[in-house]
Amino acid sequence: MYKLRNYQSDAVKAVVHYFRRHHSPAVIVLPTGAGKSLVIAELARIARGKVLVLTHVKELVEQNHAKYESYGVTASIFSAGLGRKEHQQQVVFASVQSVVNSLEQFSQPFSLVVIDECHRVSDNKKSSYQKVLSHLQSINPTIRILGLTATPYRLGLGWIYQYHTKGMVRTDSERYFRDCIYELPIQYLLDESFLTPARILDAPTLSYDFSTLKPTSMGRFKESELDQVLDASRRVTPQIVQQILSVAKDKHGVMIFAATVRHAQEVLSLLPEQESAIVIGDTPTKERDDIITRFKQRDIKYLVNVSVLTTGFDAPHVDLIAILRPTESVSLYQQIIGRGLRLCDGKQECLILEYAGNTFDLYQPEVGEPKPDSDSEIVTIPCPACGFNNNFWGKLDSNGYLLEHFGRKCRGYFEDDNGHREHCDYRFKAKYCNQCGAGNDIAARICYECDAVLVDPDKKLKDALNLKNHLVFACHDMTMETRKDKNNKNYLKVDYVSEEGARVSEQWFLTSKAQKQRFAKQFVRPHLADKHNPYNALTPTAAVDNQHRFRLPAFIVAAKQGRFWTLKEKIFDDELSG
C-alpha cells in the first residue's frame, strides 16, 4: 500500500474541502516529479462513485495506469492507441480522443473526473475535452471536475484558472477552471530532495542572440524569425554541439531543445548517428514511440526535439539538458528543465546548458506577463487599497530598494460569507476618463464604463506644450474652500498651484442631484486616494472637510480665455508612462 507525502496529503485535503462547498471545476498545481499519481490514487480511493482520469496522449494513460496499479489496486484502460477499451472498474484511465469517439459507452454516472495536463483543456465548446465533460455533466450535473498540471499558464491564453486560493485574481476573464485550490512550489521539492538538483551553466560567449525577437500576440516566436537569427549564427551551432558532446561524455541521457525544425535537423546532423534521434511535431506516431522507448532504454543517448517533449515525458535518467531556443515564459522554461529533475539511481544532478540567453529563474513563480528586460526581477508590491501582496516585474537598486515596478492593477479579491467575490480593481497605473472619471487600463483607447474616447496622457502633455496660449505646470499644492454664489448658496472652489505660484481654479456647484453625480464621477473618482473606503461627502463643506483624502494631480493643463486661465486637463502620476 502507498503512503502519501505531507504535501500530497495536503493536496487531497484541499480537494475534498473545496468540493464539499463548490461544484466549479478546480485545479491543483504540482511540479514535475511531485507524484501526482499518488494524489490521483488517494482521490480515487476515497471517492464514492466512479472516477475517470483523462489525458491527451496514450503515453500518459499508460504511465498513470501503471503507477496506479503498482500501488496494489486495479483500474481499467480506455485507449484505442493502447488497444484496450475497458470501463468496468471503479477507476478508468482514458485518452480524451478515445472517449469522445465512444460517448455512448460512458452512460454511467461518474462522481469525479481528473484531467492530467489540464492546461490542454480548451475553452472551445466543440473541443474533445469540452464534449466529454459536457456529456458527463448531462448524466451527473453534480460531477466534480479536477485538473492537475505543473504549468497553469498557457501561451496565447494566459492563466487557465481565474482565482487562486491565496486570494488572487489571475485574470478578469472567466475560465473553465474557476479556482486553483492548491499549489506546490518546485523549491520545496528540491529542498526536501524529492527532485534532483539542477546546475545551470550559462554560455554567453557561445550562444545565440535572440534578444531582438518579440513574441506574437499568441505569445510565441515566429519560426521564420528564429531561422533568420540562426542563419546569422551558422558558425555557432557546430561549436555548441561540440561543447555538448564534450560535456556529455559521462552523462547518460541528453535532451536538446532546438528552436525550429530546420535547426533541430542541423543539430542532429552534428551528433553521433547511432546514438541520436529527433522528435518533431510531424514525426509519425509509431516512429516517435519507438524513438522514445529506445531513449528510455538508453539505446539512444541524444534526443533532439522541437516543442513536443516539454510535458508528459518521463525519462528519469536524463541528466543533461541543452537549451538552444528562447523560451516565452517562466512556465515553459520550468517545463523544459523539469524533464531532467526526476530522481534516478546514481544521478546526483542534472546539468543545464543555456545557449539562448534565457534569463528566467527555475524557482520563480509565473507572473503572467512577459519579462520587460533582463534587468527586471519579481518584486512584491502591497496594494494600498486591500493590502494584497502582488508579484510584479520591477527593478531594484544595488541596496535592494525598489526603483520601479510594472504592475498595472491589484490582483486581490474579497469574498463574503455567501461566496460572492469582488475584485479589488485598484490600479497602480491608470488612464482616467474625463467624462465619467473611471480608471481604465493604461493601454485602453475606449472607456470601459461610458465608451468615451481616451487620449494618451503623455500625448496630452506633449500637445499642450506645443500650443499657444496654453499653460502646463507641475502641481505643487491643491486647496479647497467653500464660496458663496450670487444666490448666497455654497459652492466648492478648488485651486491648483505651481511651485512658482501659478494658479488655476475650478468650481463645483453641488446643489442638484445631477451636479453631485457629476462631481462624484469627474472629481472624486480620479482624486480619491483611498479608493477602498466609501466616499459620500457631496456638499461643499463636507468635501472641504475630506480634502485630506484627495490626491494632487501631477500636471495641470490650462488654456487662456480672455484674462483668465481655464482648466483643461488634470494628469495624475499613475497615468504617466515613466
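How many aromatic pairs does the structure hold? The structure, which is a predicted model, holds 20 aromatic pairs. The legends below describe some of these pairs and other side chains.

**View 1. Tyr-7 and Tyr-188 form an edge-to-face aromatic pair.** The two ring centres lie 5.8 Å apart, and the angle between the planes is 80°. This pair links distant parts of the chain. Tyr-7 belongs to helix H1 (residues 6-21), while Tyr-188 belongs to helix H6 (residues 186-191). The two residues are 181 residues apart. Tyr-7 has a relative accessibility of 2%, so Tyr-7 counts as buried. Tyr-188 has a relative accessibility of 30% and therefore counts as partly exposed.

**View 2. Tyr-426 and Phe-428 form another aromatic pair.** The ring centres of Tyr-426 and Phe-428 are 5.2 Å apart. Their planes meet at 80°, so the pair is edge-to-face. Are these two residues, Tyr-426 and Phe-428, buried or exposed? Tyr-426 counts as buried because its relative accessibility is 17%, and the cut-off for buried is under 20%. Phe-428 is also buried, with a relative accessible area of 14%.

**View 3. Five aromatic residues form one cluster.** The members of this aromatic cluster are Trp-508, Phe-519, Phe-523, Tyr-535 and Phe-550.

**View 4. The charged end of Arg-5 sits over the ring of Phe-194.** The distance from the charged end of Arg-5 to the centre of the Phe-194 ring is 4.0 Å.

**View 5. Arg-170 lies over the face of Trp-159.** Here the distance from Arg-170 to the ring centre of Trp-159 is 3.7 Å.

**View 6. Arg-144 is buried and has no salt bridge.** Arg-144 is part of strand S7, which covers residues 144-149. Which side chain of opposite charge is nearest to Arg-144? That side chain is Asp-179, 11 Å away. A salt bridge needs a side-chain nitrogen within 4 Å of a carboxyl oxygen.

**View 7. The side chain of Arg-144 reaches backbone oxygens.** A polar atom of the Arg-144 side chain lies 2.9 Å from the backbone oxygen of Phe-19. The Arg-144 side chain also reaches the backbone oxygen of His-22, at 3.4 Å. Leaving aside residues up to four places away in sequence, Arg-144 touches Phe-19, His-22, His-23, Ser-111, Leu-112 and Val-113.

Note on methods. Residues are numbered from 1 along each chain as its sequence is written. This is a predicted model: local features need pLDDT of at least 70, side-chain atom pairs count only at pLDDT 80 or more; totals for chains, interfaces and linings use all residues. Side-chain values use heavy atoms; hydrogens and water are left out. Helices (H or I, at least four residues) and strands (E, at least two) are DSSP runs, numbered from the N terminus. Buried means under 20% relative accessible area, exposed over 50%, partly exposed in between (1.4 Å probe, protein chains only). Lys and Arg count as positive and Asp and Glu as negative; His and the chain ends are not counted. A polar contact is a pair of N or O atoms within 3.5 Å; within protein, one must be able to donate a hydrogen and the other to accept it, and residues adjacent in sequence count only if both atoms are side-chain atoms. Contact means heavy atoms within 4.5 Å. Rings of Phe, Tyr and Trp (its six-membered ring) pair if their centres lie within 6.5 Å; planes under 30 degrees apart count as stacked, over 60 as edge-to-face and the rest as tilted. A charge sits over a ring if NZ of Lys or CZ of Arg is within 6 Å of the ring centre and within 35 degrees of the ring normal.
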